[in-house]
Amino acid sequence: MKKLLALTRAGVIESFQFRLSILVTIFGNLVYLALVFFLWRAIYDSAGTDTVGGMTFYDTMIYLVLATAMFNLLEMFIIWEMSRAVQSGEIVMHLLKPMRYRKYTFWSYSGGYVIHFLLEFIPTFFVIMLVTNGAIPMGINLLYFVISLALALFLNYNFEMLISPICLYTESTWGVNMVKETIVLLLSGAMIPLAFFPDWLRNVVEWLPFRAVYDIPLSILLEKNNTTDFMTMLMNLGIQAAWCVVLAFFGNLFWHRAVKKITVNGG
């Protein structure tokens, strides 16, 4: 653990070295949220009703604002970094380190997770609480949400590690990464709450791992009835944990096969 925590500490220090990047990210999110606000305001006005898909306008905005904060927390650049490492030959140095590449990659990002959680997600949470006069329920759902958020982090990491070895074959993953990000953001509920999906599409998404990244944690956090059945919460957390295991298994399998195809172009 001492070695792993050293990587976390290094990640925290590195994040503070790029303080302007954090400020630019926050400013960009404010612009994005302003656009989202006016877009969904127009959608609700044109619908002629206060409730769409069982969600009011303010329910939707709270959901999307928190989804944006979660995106900043969960965002990783593993695919980009692995692709650049392959192109430069640096990937060989990573493989020679006395720590497995997958473990090293996760813990090298852990410091960034801490900073984004403390400086972006927590402030966003409290701002929403103040602006909406406590619209977010405060109860046992907060504990479930923290657990669910941790599982979402592992799940998103395993998504990245499942896709990134493709660059060992193609040496470039720009197009693949764009497709992956679009699919995950759309089908996870990060861009559009799943409550707005047609019934047939929502039923399909229920069987896919994407909703476990954003929709399940946010649904747990925003559950208005704090007495929600324990078994329902346990089932949602179990879905996330199961997908973590499945994606980790296939990601490891793919990585061990793909690493044999490394072609070094430099370094």
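**A pocket and a helix pair**

The lining of the largest pocket splits into 13 nonpolar, 10 polar and five charged residues (Ala, Val, Leu, Ile, Met, Phe, Trp, Tyr, Cys and Pro count as nonpolar, Asp, Glu, Lys and Arg as charged, the others, Gly among them, as polar). Keep in mind that this is a predicted model, where local features need pLDDT of at least 70, side-chain atom pairs count only at pLDDT 80 or more, and totals for chains, interfaces and linings use all residues. Residues are numbered from 1 along each chain as its sequence is written, and side-chain values use heavy atoms, with hydrogens and water left out.

That pocket has a volume of about 860 Å³. Of its 28 lining residues, Glu14, Phe77, Glu81, Ser108 and Tyr109 are the closest to the centre. H6 supplies the largest share of the lining, nine residues. (A lining residue has an atom within 4 Å of a pocket point.)

Now hop over to helices H7 (residues 140-163) and H12 (residues 230-258), whose axes come within 9 Å and cross at roughly 20 degrees. So H7 is roughly parallel to H12, a label for angles under 35 degrees. Their crossing is left-handed, meaning that the near helix is turned anticlockwise from the far one by less than a right angle.

Who meets whom? From H7 come residues including Tyr144, Leu151, Phe154 and Asn158, and from H12 residues including Phe230, Gln240, Trp243 and Phe254, with contact meaning heavy atoms within 4.5 Å. By class, the contact of H7 with H12 has 19 nonpolar, four polar and no charged residues.

Conventions
Axes fitted to C-alpha atoms, helices over the stretch in contact; angles between N-to-C directions. Helix = DSSP H or I, 4+ residues; strand = E, 2+ residues; numbered from the N terminus. Parallel < 35°, antiparallel > 145°, perpendicular 65-115°, else oblique. 1 Å grid on protein atoms, 1.4 Å probe; cavity = no way out; pocket = protein on both sides within 12 Å on 5 of 7 lines; lining within 4 Å. Points joined across faces, edges and corners; volume = space filled by probe spheres on them.
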